[in-house]
Amino acid sequence: MDVDGGGSKRIFTRLGGPQSDPNKNQRVCYHWRAGKCNRHPCPYLHRELPAPPGGLNGTASSKRQHGFAATTDGPSSGPRGRGPNNFNGGASNTWGRTGGGNRVFVRKMDKVCNYWVQGNCSYGDRCKFLHSWSMGDCVSLLTTLEGHQNVVSGIALPSGSDKLYTGSKDETVRVWDCQSGQCLGVINLGGEVGCMISEGPWVFVGIPNAVKAWNTQANSEMSLNGPVGQVYAMVVGNDLLFAGTQDGSILAWKFNTVTNCFEPAFSLKGHTLAVVSLVVGANRLYSGSMDHSIRVWSLENLQCIQTLTEHTSVVMSVLCWDQFLLSSSLDQKLKIWAATQSGNLEVTYTHEEDHPLLTLCGMHDSEAKPVLLCACNDNTVRLYDLPSFSERGKIFSKQEIRAIQVGPGGLFFTGDGTGQVRVWKWLAEPVATA
């Protein structure tokens, strides 16, 4: 639609269609389109003509369920917290399909309806804005877990456990029952949770000046000292636990099976500012930092063998996927790195977003195709096919999503700035009918 030239009238011209009401101004109310009109009656229209043939479908609302235990009706997403092992080739996206028959479609805007969020939108399917926390037909929202009072900074699902652990800047970890979705307990830590991961039965929680380690099977707990400042990132690789800290150091611990405790192994220094992202792959450790760089560490000799400086802002997330390294930054760029014949990494592709990127997560969809979840600071998560970067859909939230965790059976979890944790499931791709 074209904006009317009336200036201060702030209205949109309505194009085409019969005049259903000769006494009503045939213009669409600008404030209604923004979801904010409070005039009763309003002199302008609060509805639209049907979209022309071939328009986009509106997104269907997902049924809300209470539990989120894994089911066996879809393929496994692979090891918890890991991305797919390889690129399977980009499949064509399916979220913009058009239906047939005489059904009327309303072209949805890329925005969640404010009135729907408050529970009082009166336009239903005729609303121009989304009545769903996702756009596209690839994922379904199962349930929302509420309780945290601040940003959710970590989510963990230990192996062999029927409980979900979530950590927050409200200085607590909450334990949730995967069958009922109920909160079973709240653990007060006395410090903001900077990150959280799980490996086997272990849950590791990064807090200022320490890492808490819990064995969920043995019900044991220990505190790993050594970090200076907040622990922003952790990863397990080569039987070592690595932690990136506020002072730019990377600390490593190794588990001693004789003493049943974690012992300090070594410290890696090189970054000049805080280390906020870590990943292990191909016997190397990759660290992203607030100093705008990525350092590549050999786990054989514990030396930094390359420093990547192509990003121009904080490197918020790093991810290994087959022979590729993916990195995202507040500079709004997602870079794909590949090794040259010399063994050094070089950028092979750059994907640009309109907003700074916060975190990456790789998994498989319900058809076992590799997909990338990319959280941006506009309160959305983009869903992309890989390696084509075809957009599959989008997830919305009230505030920035800072934590994404893969679960079994096509499940994944997101945590946002309001403290909400949402449970999602990949849907089977619709079968085209002749």
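A nonpolar core is a set of buried Ala, Val, Leu, Ile, Met, Phe, Trp, Tyr and Cys residues joined through side-chain atoms within 4.5 Å. Buried means under 20% relative accessible area, exposed over 50%, and partly exposed in between, with a 1.4 Å probe and protein chains only. Please keep in mind that this is a predicted model, in which local features need pLDDT of at least 70, side-chain atom pairs count only at pLDDT 80 or more, and totals for chains, interfaces and linings use all residues. Residues are numbered from 1 along each chain as its sequence is written, and side-chain values use heavy atoms, with hydrogens and water left out.

**View 1. The largest nonpolar core and a second one.**
The largest nonpolar core holds 27 residues, and those that touch the most other members are Val139, Leu373, Val381, Leu383, Ile395, Phe412 and Trp426. Elements that give two or more residues to this core are strand 4 (139-145), strand 25 (357-364), strand 26 (370-376), strand 27 (380-385), strand 28 (391-396), strand 29 (401-406) and strand 31 (421-426). A second, separate core has 16 residues, including Cys195, Phe204, Val211 and Met234.

**View 2. The whole chain, with its confidence.**
Two helices and 31 strands make up the list of elements in the chain; helices (H or I, at least four residues) and strands (E, at least two) are DSSP runs, numbered from the N terminus. The chain has 434 residues, and 50% of them count as buried. Among contacts with a separation of 6 or more, 47% come from residues 24 or more positions apart, where contact means heavy atoms within 4.5 Å. The mean pLDDT is 80, and 75% of the residues reach 70 or more; pLDDT is the predictor's confidence in each residue, from 0 to 100. Over residues 1-24 the pLDDT is below 50, and this stretch has 42 contacts in the model beyond near neighbours in sequence. Residues 49-66 also have a pLDDT below 50, with 43 contacts beyond near neighbours in sequence. Where pLDDT is low, the predicted coordinates should not be read in detail.

**View 3. The open sheet of strands 5-6-7-8.**
Four strands form this open sheet in the order 5-6-7-8, with antiparallel pairing. Two strands pair if DSSP finds at least two bridges between them. Strand 5 (152-156) and strand 8 (183-188) are the edge strands, each pairing on one side only. Neighbouring strands are turned by 20° against each other on average, direction ignored; the axes are lines fitted to C-alpha atoms, for helices over the stretch in contact, and angles run from 0 to 180 degrees between N-to-C directions.

**View 4. Strand 7 and its two partners.**
Strand 7 is largely enclosed by the rest of the structure, because six of its six residues are buried. Thr172, Arg174 and Trp176 point one way from the strand, while Val173, Val175 and Asp177 point the other way. On one side, strand 6 (residues 163-168) pairs with strand 7 (residues 172-177) in the antiparallel sense over five bridges. Look for Lys163, whose bridge partner in strand 7 is Asp177, and for Tyr165, which stands opposite Val175. Three residues lie between the strands of this hairpin, where Glu171 takes a positive phi near 75°. Strand 8 runs antiparallel to strand 7 and is joined to it by five bridges; here Arg174 has Val186 as its bridge partner. The hairpin of strand 7 and strand 8 has five residues between them, and Gly181 in the turn has a positive phi of about 75°.

**View 5. The open sheet of strands 17-18-19-20.**
This open sheet of four strands has the order 17-18-19-20 and antiparallel pairing. Its edge strands are strand 17 (275-281) and strand 20 (304-308), and the twist averages 20° from one strand to the next. Five of the six residues of strand 18 are buried, leaving the strand mostly covered. Six bridges join strand 17 to strand 18, with Gly288 as the bridge partner of Ser277. Between strand 18 (residues 284-289) and strand 19 (residues 294-298) there are five bridges; Ser287 has Arg295 as its bridge partner, and Tyr286 has Val296.

**View 6. Cysteines without a disulfide.**
A search of the whole structure finds zero disulfides, a disulfide being a pair of cysteine sulfur atoms within 2.5 Å. For Cys374, the nearest cysteine sulfur is that of Cys376, 4.4 Å away. Cys374 counts as buried, at 0% relative accessibility, whereas Cys183 is partly exposed, with a relative accessible area of 30%.
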